[in-house]
Amino acid sequence: MNVTHGYSGEVVRPYPVGTIGNFDGHHLGHHALLKRVVETARRAHGTAVVLTFDPHPVKILAPHVDLRFLTSEEEKRVHFEQAGIDEVVSLGFTHAFAALSPEMFAEQVLSKGLGLKEIFVGQHFAFGHKRGGKIGDLIALGKRFGFTVHPTPPVMIEGGVVSSTRIRQLIVAGHVDQAAALLGRHYALSGVVSFGEGRGRTLGYPTANLRLPPDRVAPADGIYASVAVMDQERYDSVAYIGTRPTFDGGERGLEVSILDGVHELYGRTLTVEFIGRIRGDAQFDSADALSRQIAADVDSARDILRRYHETIGRR
């Protein structure tokens, strides 16, 4: 898969079939859209293309908004490859770019810039200055500039549209299991294990300490059944997100305790998949009371993870 920044009229792509968006999360709605792009391109012996933007338009148009992401750029690249996309074109999003009229966007970017022949977008797709262009406008412009537009219906789960916004809301509320149903996988965060204060070890449950990525969505404070992934090996674990209020608080962070075995983790990159929430964060009267609660949390985590593994085994 090629990743290009900007586009060139000199690039000749066999029958380009494309879609447009930021694809944060690569959820089931994105999967369905990308599948249609790839299948259409393959039938035509063409090129499956994604047009995306950097930075995210919200960062330019509404910089006061604290927008956090569901996927890193590297994760997006991997998901595009897995979907079968041949080329990702990333355009720099600026105020000047945002000022393009719908007609200029269709002509200069989609037709002349990328040479697209077919475009798949959601039924509520909006584009151009102040999102003034709607799906009907894109269809009409496609007839003028030589591309066909395929409005694509949204994926619905449990009565609602699968969207990045909905998934962010679920994760922030701690509903990681419900978010997984929309993502098609369990939400995960990665980081390098750093030295902590060693309290987990004194409580009988050594933990790996990770900083929460500042630009990523983090689950609500609390305890989660999790799977820790290191060097492609997967380990049942318990994850904690919070400020450690029992010990007078501190910086919000992520701590992970692998349930079985002894592992040397310092300096290693660890990915934590959040399987299910056990409880919210709480302050305890003593370290002994916290230790007893952790033991109960571990039992709960093992139950959740046993059901998780049984479900995976049935697939």
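Student: In what order do the six strands of the open sheet come?

Tutor: This is a predicted model, where local features need pLDDT of at least 70, side-chain atom pairs count only at pLDDT 80 or more, and totals for chains, interfaces and linings use all residues. Residues are numbered from 1 along each chain as its sequence is written, and side-chain values use heavy atoms, leaving out hydrogens and water. Strands (DSSP runs of E, at least two residues) and helices (H or I, at least four) are numbered from the N terminus, and two strands pair if DSSP finds at least two bridges between them. Here the pairing is parallel, and the order is 1-4-3-2-5-6.

Student: What is the bridge partner of T4 in strand 4?

Tutor: Strand 1 and strand 4 (residues 87–92) run parallel, joined by four bridges. In strand 4, T4 is bridged to V89.

Student: Are helix 5 and helix 6 parallel or oblique to each other?

Tutor: The axes (lines fitted to C-alpha atoms over the stretch in contact, with angles from 0 to 180 degrees between N-to-C directions) of helix 5 (residues 102–113) and helix 6 (residues 135–145) come within 10 Å and cross at roughly 50°. Angles under 35 degrees count as roughly parallel, over 145 as roughly antiparallel, 65 to 115 as roughly perpendicular and the rest as oblique. Helix 5 and helix 6 are therefore oblique.
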